[in-house]
Amino acid sequence: MSQNNSDITRHFMLAAPMPAFGRLRPMTSIICKLVTMDASLVVTIVCLRPSVPMVNEEIARVPLPEDVTRRIRVIGMGQSEAPKPGSDTQKVLAEMLRTLPDDFLQIYETLVGAGSPTCTNTGVTFEYHDIPRISIALVDTMSPSIPATVKRVTPHVPIVSMWCSGVSSFIDYFAPAEYGGMSDFEALAKEAQKGGDTRALDQIFLDTLAPQNGSLRRGSNGLITYDYETMPQGMFPSRLPFPVPFYVQPLAGIQHVDAVLCHTTRGFESKSTEVLKQWWEVKLGRKMIFSGPQVPAPGSTKVAKISESSDIADPFKPIFTFLDSHPAKSVMLISFGSMFYPSEKPWIIESVLKTLLETRTPFIFSRAAFKSVPLSPELENFLADSDTALVAAYIPIKEALEHPSVGTFLTHGGANSMFESILAGVLDVFWPFTADQPVHAAYMSETVRTGVGAQPPYRGGKVEGTPDAVAAEMKHVLSDINSEVGERKRRNLEVVRHEMLEAMKKGGEAETELKKLLNLFSA
């Protein structure tokens, strides 16, 4: 089976997202926005084989006209398999990283040569003889080796690196120490080894990336945290959830890019934005683009339309029926995304769920994370019999957040979750694990939750890390939510939401910034 495009086109963009849902969604949203802004733009999304269905589902969520959708092609590469529930995250990602360079090189050379690549997921073959040459490459910042491959094969093609999060976390990871970042960790680790350090290089990386010394550090956003707050839950035996190359290789890739696209607004983290400007624009002479969190308008997605229908066979119908049955702002959504879950210490989440049942706080609990583990049979029975609880294999978070009965969101604090809750006007209760999540938690709440047997966070009180302490903390949070404290936080949230919506409106900052990206075609 083959597909071609007989329309006359002027631009051809290649997009290469990473195989994590939290990274696929924002890049796909950006692409949907770009093809509506430029009628001559054709985009090919090249992704790993297991990601093809997720990318297609994300495109289908957005109500695009058919002629626009036809200008987006999705091609799977390689033969890797999707992670299964309970699988070893490090082993799965290590295998993907091992094969990714060769998989991408093969399909990229085919596209550059106007060949006919075949999607390894669907078996569909695409013709490119009538598509212009690649004009720009949009790559995930964490895609190892891809920027170097693009520059080696096509030196003339500009590369835009998409950072699917906030500005401060980009600086933390990629900027040198003089700008508040930690990008020197590889050089420091190798220098330590040369100086006689007997630790293995991987262990030095770990101790540098995830220190546990109790030292204070000030982020580019001005917030002070202890170093161990970068990994607050202590959920990963090796202290890092992913293999070391996952952290090291992107540092080399970022050297090849011409611009960085941040999935946020300039004003959301204004202090960090100024630091980024001084480093990235002034010192390095590269472009910054702020797309804003490209989330479809409330009620516009196809999931939202289905949830409003009367089709009882729809898999999301029980979720929206539950939400319809509870008062405004009363329901708490609970989701840790697709990658994270307190699987090593499941009693923590059990203590939270029992407290919600005891206080008769309505909630919906998602088991979407492939690292999730079964709850105790006793708790499962309580949940099944309760009229205030619903357990779901998956929650369409954006659409659920927009429901009037949802008041709070217990979340790991990933960028998508945070931005979607801000735009929906829903308070977040943060339970961060790693990566950008602790940064978001500190920035949005100035209270970082720490893990079992934890040391105290820089702000907030000491965390005891016992079942009783977790239950007491949850009751305290619920009390705040339902008091003047919660009302004050909602007022503050509304200010943040308004500023973000202003940037995202038609003709606003985000649209102006995306035109910079489109202008790179003719640069």
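Which strand gives the largest share of the lining of the second largest cavity? That share, three residues, comes from strand S3 (residues 41-48), where strands (E, at least two residues) and helices (H or I, at least four) are DSSP runs numbered from the N terminus.

This is a predicted model, in which local features need pLDDT of at least 70 and side-chain atom pairs count only at pLDDT 80 or more, while totals for chains, interfaces and linings use all residues. Residues are numbered from 1 along each chain as its sequence is written, and side-chain values use heavy atoms, with hydrogens and water left out.

The structure holds five cavities of 30 Å³ or more, a cavity being a set of points, on a 1 Å grid over the protein atoms alone, where a 1.4 Å probe fits but cannot get out. The second largest cavity contains about 50 Å³ of space, a volume being the space filled by probe spheres set on the points. Its lining residues, those with an atom within 4 Å of a point, include Val46, Cys47, Leu48, Met77 and Ser143. By class, the lining comprises 10 nonpolar residues, one polar and no charged, where Ala, Val, Leu, Ile, Met, Phe, Trp, Tyr, Cys and Pro count as nonpolar, Asp, Glu, Lys and Arg as charged, and the others, Gly among them, as polar.

Two helix pairs are set out below, with axes fitted as lines to C-alpha atoms over the stretch in contact and angles running from 0 to 180 degrees between N-to-C directions.

| Helix pair | Angle | Axes |
|---|---|---|
| H13 (residues 347-358) and H18 (residues 467-481) | about 45° | 9 Å apart |
| H1 (residues 21-37) and H20 (residues 509-519) | roughly 80° | within 11 Å |

H1 is therefore roughly perpendicular to H20, a term for angles of 65 to 115 degrees, whereas angles under 35 count as roughly parallel, over 145 as roughly antiparallel and the rest as oblique. In their contact (heavy atoms within 4.5 Å), Ile30, Lys33, Leu34 and Met37 of H1 meet residues of H20 including Glu511 and Leu514, and the contact residues divide into six nonpolar, no polar and three charged.

H13 and H18 are oblique to each other. Among the residues that meet are Trp347 and Ile348 in H13 and Pro467 and Val470 in H18, and this contact divides into nine nonpolar, two polar and two charged residues.

Technical notes
On a 1 Å grid over the protein atoms alone, a cavity is a set of points where a 1.4 Å probe fits but cannot get out, and a pocket is an open set with protein on both sides within 12 Å along at least five of seven lines; lining residues have an atom within 4 Å of a point.
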